[in-house]
Amino acid sequence: MFEILEKKSLNPTVTLMKIYAPRVAKKAEPGQFIILRTDSEGERIPLTVADYDREKGTITIIFQIVGGTTEKLNHMNEGDCLQDFVGPLGRPTETEGLKKVAVVGGGVGCAIAYPVAKKLHELGVEVHSIVGFRNKDLVILEDEFRAASSKFVLMSDDGTAGEKGLVTDALKKLIESGEKYDRVITIGPLIMMKFVCRLTKEYEIPTVASMNPIMIDGTGMCGGCRLTVGGETKFACVDGPEFDGHLIDFDEAMARGAMYKPFERRAHEEACNLFKEVK
Amino acid sequence: MANMSLKKNEMPVQAPDVRNKNFSEVALGYTEEQAIDEAKRCLNCKNKPCTTGCPVQIDIPAFIAKVAEGDFAGAYDVITKSSSLPAVCGRVCPQENQCEGKCVRGIKGEPVAIGRLERFVADWHNAQPEAPVQKPASNGHKVAIIGSGPSGLACAGDLIKKGYDVTIFEALHVAGGVLSYGIPEFRLPKAIVQKEIEGLKALGVKVETNTVVGRTVSVDELMKEEGFESVFIGSGAGLPRFMNIPGENLSGVYSANEFLTRINLMKAYKEDSATPIKAGKSAVIVGGGNVAMDAARCAKRLGADVTIVYRRTEKELPARAEEVEHAMEEGINFKFLTNPTEITATEDGWVKGVVCQQMELSEPDASGRAKPVPIDGAFFEIEADCVIMSIGTSPNPLIKATTAGLDTQKWGGIIADEDGLTSKEGVYAGGDAVTGAATVILAMGAGKKAAAAMDEYIQNK
């Protein structure tokens, strides 16, 4: 069984957990993900590896409470065990040959962007991190990002943290000011990644986006996570999760991501009376 | 005196309009009387043509003779000398092309119902109080099996009985492979699959679920670092194929693998399941194999109006005869000589319909097979809000990509000889990972052959 060794609330809807999973921790690399089930009746959900400790045999996950399963997960505590925990899945982030990279994260996607920034930083790559949140209460991993970046820009929709505006505004400013990146790595909401990729295409900067579609097995068997990249169907679990951002069909990915929204809303409401509408 | 009836004893089944609304098993199995009566139809031929039709060479006349005598325990012993999963094979083997296809009684009338008798014997055995299990004496050698589907289970079963220390690595959270995630409950109850696996565990087989070989651990690490002397790869058929027609990634389009996994593995058909499924109001299934029949019958049970489209005719359907018959009885529509060319969309990106082209069969070519060819301009649209693609699979590249020195075919299947030996010393493979999508029994046969070869390899090292 996979014990929860540490649990920490990063903001009201985002939680960090360290899970004991030595086989996974031995192999995990930034950019890869795991699939877990909370209990024997639970669904399988993919979460990206936020950090790992090979010696202690732990994997760190950071998740936002968005549906029934993340709600249940958030109700588990240190000492509890997850039913299933499998990984590492997907291909690690490619870091070879990079000298200067902009890492652009949004919301809980920053939890995935951070280990990438950290790894690049450790490899001696010059890292500029641009992270965006809706407001100051939702900011996560600020200190960690600062430590892993030679330049750090914090953006918020309402201006309560860092500068007011979108991550694309900040990225554009840096590019316009003459910063030359050999790659942009973006992780966050689909709509944000779509606009980051649109911007970098104008400047012809190679860009990688990390996709997190609906998945079941995570080994290529079901094809539920498929997306169109450069006109070809790809499976995020085995071909990804990172793809050339200039070739991804983001609109299709957004439609597919919304497939079970009504179901999730119901599951979320059933999980907690507080979410029910007052009659 | 043999029973000379030209017809098989019918097997009791749930009525079609009852069963197409539930997920309980369709066929209910013979009673003891029916089984004995059917067994008496066997002429006990000397040359046993049925046995030559069986991929694992069960001594069929011998087990049937035991059934005719009412010695069901004796019949079970005969079957399990050759087969590790009789309750499964009795239900899912394509008997009409194998044992029953060779039965002498089939020349004039129907063959002996060998599959139904095998199922009867296995179910009878499983209903008896469990005898205490004698664990085989250890021979001190460690072997690893990758994948817990039919080939892996058969391989594990034979090796544990020879005294090996056997560990099965399974990527999913439940063992059984396609028996668990693919074949639906109404055709193969999951309790039967789990019982077979529990039986292997009782003999000492270890099952490590949640382990993706190629990611969590590699074949080379298993052999070099974890002390496994030989490895069997039974990783299955792999990635679902799509047609590459417009609209295939719309919401509401599933691969049959995904649709069936949601239902069978994740129990999405149950009201309280955490995993959702949408079979919609009208579902179109593309394909004509067993998997297509399974998907169609599941969609029907979830309340959809279901149409199977297949580009050839009824005669060429690759599915088991009984599955096609059951599907038709359950009210599933078939559109033959029909090939989808596009999936159309609603404004919000959901499936709206399937545009199809009418086909006709050409004159048989040199191989004797007639090809479906499109009729110019003959297009029509079928309304649908769910489309399930069931047109086959291509091998998973993961193990090949992470195992040095493992050769594969151009199309991705692992290259293995008659005994399952791959291009890598000590590494064997079998089942769909080698042959491409085939049947449970062929996979089992490959697992057994490999087990014998692995034993010989280790003993002669």
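Predicted model: local features only at pLDDT ≥ 70, side-chain atom pairs only at ≥ 80, totals over all residues.
Local features need pLDDT of at least 70 and side-chain atom pairs count only at pLDDT 80 or more, while totals for chains, interfaces and linings use all residues. Residues are numbered from 1 along each chain as its sequence is written, chains are lettered from A and ligands numbered from 1 in the order in which they are written, and side-chain values use heavy atoms, with hydrogens and water left out.

**View 1. The buried face of helix α2 in chain B.** Helix α2 of chain B spans residues 32-39, and its buried residues are B:A35, B:E38 and B:A39. (Buried is under 20% relative accessible area, exposed is over 50%, and partly exposed is in between, with a 1.4 Å probe and protein chains only; helices are DSSP runs of H or I with at least four residues, strands are runs of E with at least two, and both are numbered from the N terminus.) Looking down the axis of α2(B), these buried residues fall within an arc of 100 degrees, so they line one face of the helix. That arc is taken from the directions from the helix axis to the C-beta atoms. The cover over them includes α4 (60-69) and α8 (114-127) of chain B.

**View 2. Where chain B meets chain A.** Here 41 residues of chain B are in contact with 40 residues of chain A, contact being heavy atoms within 4.5 Å. About 3400 Å² is buried between the two chains, and carbon and sulfur atoms give 53% of that. In chain B, look for B:N210, B:R215 and B:N249: they lose the most area to chain A, together 22% of what that side buries. (Buried area is the accessible area, 1.4 Å probe, that two parts lose on being put together, summed over both.)

**View 3. A salt bridge between the chains.** B:E208 pairs up with A:R23 in a salt bridge, with the closest N and O atoms 3.5 Å apart. The count between chain B and chain A is four salt bridges, each a side-chain nitrogen of Lys or Arg within 4 Å of a carboxyl oxygen of Asp or Glu.

**View 4. B:R297, an arginine tucked into chain B.** B:R297 sits in helix α14 (residues 290-301) of chain B. At 1% relative accessibility, B:R297 counts as buried. Leaving aside neighbours within four places in sequence, the residues in contact with B:R297 include B:R19, B:F186, B:E323 and B:H326. The side chains of B:R297 and B:E330 are joined by a polar contact of 2.9 Å. (A polar contact is a pair of N or O atoms within 3.5 Å; within protein, one must be able to donate a hydrogen and the other to accept it, and residues adjacent in sequence count only if both atoms are side-chain atoms.)
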